[in-house]
Amino acid sequence: MAEVQHPPLNWEASATATHPQVSSTLPPEVETCLKNARFLHLATCDALYPHVSLMNYTYLRSTPYDPNPVIIMTTNPSSKKTLNLINNPRVSLLVHDWVSHRPPTRVPDPARESSPPPQATRSSLASLLLNINTSALSSISATINGTARILERGSEEEAWCKERHLENNTFGDQVREEQGLFGAPQNPSSTQGDGGASCFIEGEEVRVMVVGVKEGRIADWKGGVKDWLIVSPEEQDLRGNGTMVNGIS
């Protein structure tokens, strides 16, 4: 008799909406992930295929121009993602706190180029960092759905968001130290403390886009999923009082 496979206790069918957590703010674990991750993946779509981009970003609970959670990014006006956004502003984002370094496999692959580079293994500190138990560091990935707006060029909102975005993506000496630790060449004469991010934020042609967060899904390393939904504080109060909102209690 075949053994019955039991799903994890926190399992819900991921092809449909689980029992969503409804709130006017992001789930704490998603907010923590957004505050700590260095990059996120932005998925836009034209009429045929999704297009995924690795992005610097800035998460804010609210702005003077939007009371709801937003994520700020910048884009080249002639890029594929910008053209997609003009035709379809709906986007999906992925952010996670999992260790991205792929450890050596049980059967070595001679054709595989090591990552990080061999220089990293020469440092005891780098070796320690690379061999930390990933299960202790890995926790969740969060898919975030929302609608993107490309801000009007020269507007107060664009200037405010661009300034916050630059502040959040300027890292001082940390970037150069990380490059040296993992064997990347350093440029002692460089004074950029942002890893070159400023050219993607302050450039004259750069456009600022803001994603208004609508809903999302948290997935943990055990395969469990949890959906969440952002509503206004007023709607949250109505839901808490059992009042019907658009025919839904």
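The model is a predicted one, in which local features need pLDDT of at least 70 and side-chain atom pairs count only at pLDDT 80 or more, while totals for chains, interfaces and linings use all residues. Residues are numbered from 1 along each chain as its sequence is written, and side-chain values use heavy atoms, with hydrogens and water left out.

**Overall make-up**

The protein chain has 7 helices and 9 strands, where helices (H or I, at least four residues) and strands (E, at least two) are DSSP runs numbered from the N terminus. Of the 249 residues in the protein chain, 33% are buried; buried means under 20% relative accessible area, exposed over 50%, and partly exposed in between, with a 1.4 Å probe and protein chains only. Among contacts (heavy atoms within 4.5 Å) with a separation of 6 or more, 70% join residues 24 or more positions apart.

**Strand β8 and its partners**

Strand β8 is mostly covered, with 10 of its 14 residues buried. Two strands pair if DSSP finds at least two bridges between them, and β8 pairs in the antiparallel sense with β7 over 11 bridges, with β5 over 6 bridges and with β9 over 5 bridges.

**Nonpolar cores**

A nonpolar core is a set of buried Ala, Val, Leu, Ile, Met, Phe, Trp, Tyr and Cys residues joined through side-chain atoms within 4.5 Å. The largest such core has 26 residues, and I71 and M73 have the most contacts inside it. The elements giving two or more residues to this core include α1 (28-36), β5 (70-75) and β8 (207-220). A second, separate core of 7 residues includes V70, L151, C161 and V210. Beyond its neighbours within four places in sequence, M73 is in contact with residues including L40, L93, H165 and V211.

**Helix α2**

In helix α2 (residues 80-87), the buried residues are K81, T82, N84 and L85. Seen down the axis of α2, these buried residues fall within an arc of 160 degrees, so they line one face of the helix; the arc is that of the directions from the helix axis to the C-beta atoms. I86 and N87, on the other side of α2, are exposed. The cover over the buried residues of α2 includes β2, β3 (50-55) and β8.

**Salt bridges**

The structure holds 7 salt bridges, each being a side-chain nitrogen of Lys or Arg within 4 Å of a carboxyl oxygen of Asp or Glu.

| Pair | Distance |
|---|---|
| E31 and R61 | 2.7 Å |
| D46 and K80 | 2.9 Å |
| R149 and E157 | 2.7 Å |

E31 in helix α1 and R61 in the loop between β4 (58-60) and β5 are 30 residues apart. E31 is buried, with a relative accessible area of 9%, whereas R61 is exposed at 54%. D46 lies in the loop between β2 and β3, 34 residues from K80 in helix α2. Salt bridges that share partners also join E31, K35 and R61 into one network.
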